[in-house]
Amino acid sequence: MTLLFDTQYLFVRALKKLVRNPILIFFSLFQPIIFLVLFTQLFSKFVQAPGLFPSGVTYLEFATAGILMQNAFSSALQSGTSIVEDLNSGFLQKMLVTQVSRPAILIGRLVTDAFRVTVQSAIILGLAYLLGFNMATGLAGILLTLFIIAFFGFAWSGISLTLGLRTKSAETVFGIGAFLTFPLLFMSTALVPAGAMPTWMQAVSNANPISFATTAVRDLSLPDAFSLSAEVTSLAVIALIAVLTMGATLYLFRKVVS
Amino acid sequence: MPDIIAVHDLVEVYADGTKAVDGISFSVKEGEFFGFLGPNGAGKSTTIKILTTLLRKTSGSVSVAGYDLDKNPKEIRKVIGVQSQETSIDPELTGRENMILQGHLQQMRGKELEERVNQLLEVVGLKDAADKRAGRYSGGMKKRLDLASTLVHKPKVLFLDEPTTGLDPQSRVTVWDYLEELNKKDGITIFLTTQYLEEADRLCQRLCIVDAGKIVAEGSPAGLKKDIGADAITITVQDRSGAGDKTATKATARKLLSKLPAVMEIVDSEEGVTIYVKNGGLFVPELVRAFDKTDIELISINISTPSLDDVFLKHTGKRIRTEELVKEVVTGGFGRRRR
């Protein structure tokens with residue numbers, strides 16, 4: 001019970017901070033919106049290349065899933081900066097001398113980040129709709145998409161929190177996040193289909209978690225693409241990542257707060 | 001009165017081998033205002049961190065409010081309030097929200113919490129600013145909010161790590177008054193660390209003087225000073241002819257002083273020369289006579305009963321002297337502004 005209450009209190013605290021600094025959400029939305037508006041225009045003729053893209057699909061329809069995942073990935077990798085802030089301001093210490101449930105400090109953070117990335121994704125999806133995107137599986141598809149994104153964000157936030165606790169430096173967390181995002185984004189099926197890549201890059205892309213998550217969402221959005229087995233596989237991969245990152249985060253958190 | 005804090009042979013060795021706390025033992029009685037006085041790096045903060053469950057000790061035993069630190073850290077957290085050296089409030093929450101959150105984390109709810117928060121905000125004089133964001137508070141207000149938020153759950157023992165460092169003199173006195181009231185009226189046991197002699201002198205009923213991880217002296221401020229058994233006399237001097245330079249004049253003065261049998265010790269101080277004698281008042285005529293008919297003129301004589309700094313000096317051979325450091329910083333600041 002304490003865990004639930006404490007998680008809720010810390011979630012509310014983080015939400016208040018977020019609402020009082022809305023500019024932060026706009027900063028992180030800037031990049032996906034540029035991708036959505038400009039990049040999709042830039043690539044709009046590529047879909048006509050024979051045999052690479054699913055037929056009858058616009059580039060916007062193809063890339064929206066990837067842009068959503070790119071945003072989820074890079075936002076999640078920044079989430080460690082907030083725990084560094086609490087660590088350096090002494091607020092974390094102040095919490096730790098109270099009876100607060102220890103896991104609630106972490107879970108409160110993760111729930112906040114998942115919430116935040118879901119809101120951002122809803123905004124991106126809304127904008128994509130305005131530009132002509134359509135979710136083939138309808139409302140159910142949209143809800144499942146948001147769920148996958150939240151789950152995907154949850155998994156990667158753990159990595160970032162771990163880094164934050166370990167390095168105690170917001171700059172490092174930020175730097176590593178930025179360092180990972182672009183290579184992993186371009187070596188995934190987020191913006192181009194696997195068939196358009198050189199062979200070695202295809203190998204990377206096949207093992208790239210962004211590809212798995214993108215496929216899970218893309219199969220929901222493109223017409224006649226949905227397959228239950230592919231969907232389950234993608235979700236299983238994300239779940240596996242989440243288990244690993246959560247384990248590492250909890251272990252390190254214990255060491256730091258002991 | 002039973003011991004509310006009991007520490008026996010506490011040791012903290014950091015990963016790099018530094019012995020931050022080197023086998024200290026002490027106890028604090030319930031309702032006592034107790035202090036740790038020492039310079040930076042003496043191990044004060046480390047001790048507080050161990051006692052408040054934040055840092056794992058290397059060895060030794062600690063009990064707080066009757067609970068063993070190793071077995072019952074959770075019970076200890078219920079009955080202690082802790083203010084760390086850096087002000088740790090959330091700048092994006094209002095003063096009231098900071099307090100309520102702290103209460104929530106200490107398992108308080110509803111009406112009881114609300115009333116407690118209102119009461120505390122009033123006491124620390126933040127009632128009118130309660131719904132402003134804490135980030136916009138002045139330094140003194142932030143400190144008071146920080147202090148108030150550690151009191152929401154009515155702790156039995158309050159740990160304060162240098163509570164007035166960085167405060168202007170006026171805010172410092174306000175905090176002192178409030179701490180005294182907490183201790184006297186509400187009977188809260190207070191454990192305070194400080195590097196300010198004046199603070200330890202005024203607030204603590206009993207204190208330990210610490211240096212390099214060890215307790216070098218323990219007792220009431222008055223008792224410790226009495227043990228010195230001497231008054232300090234600080235004189236300033238100048239050359240009658242106005243010719244000799246300052247250092248030379250001082251050296252001559254020291255030579256003159258060293259011939260007087262009553263003088264126990266001579267120390268150079270910033271203003272002039274400080275000597276220690278059994279009874280300062282009775283010694284003055286002799287002092288004046290000693291400089292008579294010499295090239296050195298006495299400009300001022302200042303007698304003071306021993307300070308805690310003298311106690312520290314006696315036990316460690318060093319001075320704490322933070323007040324002077326602060327003064328330098330302040331003047332430095334003004335100098336820059338003028339330019």
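The side chains of A:Lys17 and B:Asp90 meet in a salt bridge with 2.9 Å from N to O, a salt bridge being a side-chain nitrogen of Lys or Arg within 4 Å of a carboxyl oxygen of Asp or Glu. This pair crosses between chains, running from helix H1 of chain A, where A:Lys17 lies, to the loop between strand S6 (80-83) and helix H3 (95-105) of chain B, which holds B:Asp90. The structure is a predicted model, in which local features need pLDDT of at least 70 and side-chain atom pairs count only at pLDDT 80 or more, while totals for chains, interfaces and linings use all residues. Residues are numbered from 1 along each chain as its sequence is written, chains are lettered from A and ligands numbered from 1 in the order in which they are written, and side-chain values use heavy atoms, with hydrogens and water left out.

**Confidence of the prediction**

- The predictor gives the complex an ipTM of 0.84 and a pTM of 0.81.
- Chain B has a mean pLDDT of 87, with 94% of its residues reaching 70 or more; pLDDT is the predictor's confidence in each residue, from 0 to 100.
- Over residues 323-339 of chain B, however, the pLDDT is below 50, and this stretch has six contacts in the model beyond near neighbours in sequence, where contact means heavy atoms within 4.5 Å.

**The interface of chain A and chain B**

- In the model, 24 residues of chain A are in contact with 29 residues of chain B.
- About 2,600 Å² is buried between chain A and chain B, and carbon and sulfur atoms give 51% of that area; buried area is the accessible area (1.4 Å probe) that two parts lose on being put together, summed over both.
- A:Lys94, A:Val97 and A:Gln99 supply 28% of the area that chain A buries against chain B, which is more than any other three residues.
- The rule finds six salt bridges across the interface of chain A and chain B, whereas over all chains the count comes to 22.

**Salt bridges around A:Arg13 and B:Asp90**

- A:Arg13 forms a salt bridge with B:Asp90, whose closest N and O atoms are 2.7 Å apart.
- Within chain A, the side chains of A:Asp86 and A:Arg13 also meet in a salt bridge, at 3.0 Å from N to O.
- Because A:Asp86 lies in helix H4 (residues 80-89) of chain A and A:Arg13 in helix H1 (residues 2-20) of chain A, this pair ties together parts that are 73 residues apart in sequence; helices (H or I, at least four residues) and strands (E, at least two) are DSSP runs, numbered from the N terminus.
- Both A:Asp86 and A:Arg13 are buried, and A:Lys17 and B:Asp90 are likewise buried; buried means under 20% relative accessible area, exposed over 50%, and partly exposed in between (1.4 Å probe, protein chains only).
- Salt bridges that share partners join A:Arg13, A:Lys17, A:Glu85, A:Asp86, B:Asp90 and B:Glu92 into one network.

**A salt bridge within chain B**

- The side chains of B:Asp22 and B:Lys19 meet in a salt bridge at 3.5 Å from N to O, and B:Lys19 is partly exposed, with a relative accessible area of 47%.

**A nonpolar patch on chain A**

- A:Phe30, A:Ile34, A:Val37, A:Leu38, A:Leu130 and A:Leu131 make a nonpolar surface patch of about 600 Å²; patches are made of residues with over 30% relative accessible area and no salt bridge, like charges being joined within 9 Å and nonpolar side chains (Val, Leu, Ile, Met, Phe, Trp, Tyr) within 5 Å.
- Helix H2 (residues 23-42) of chain A gives the most to the nonpolar patch, with four residues.
- A:Leu130, in helix H6 (residues 102-130) of chain A, is exposed, with a relative accessible area of 73%.

**Individual residues**

- B:Leu160 lies in strand S7 (residues 157-161) of chain B and is buried, with a relative accessible area of 0%; leaving aside neighbours within four places in sequence, the residues in contact with B:Leu160 include B:Ile48, B:Gln83, B:Leu147 and B:Phe191.
- A:Ser79, in the loop between helix H3 (59-78) and H4 of chain A, counts as buried at 4% relative accessibility, and beyond neighbours within four places in sequence A:Ser79 is in contact with A:Asp113, A:Ser157, A:Ser160 and A:Leu161.
- B:Gly229, in the loop between helix H8 (221-228) and strand S11 (231-239) of chain B, is partly exposed at 27% relative accessible area and touches B:Met264 and B:Lys278, not counting residues up to four places away in sequence.

Definitions and conventions
Areas by Shrake-Rupley, 256 points an atom, 1.4 Å probe, with all protein chains shown as cover.
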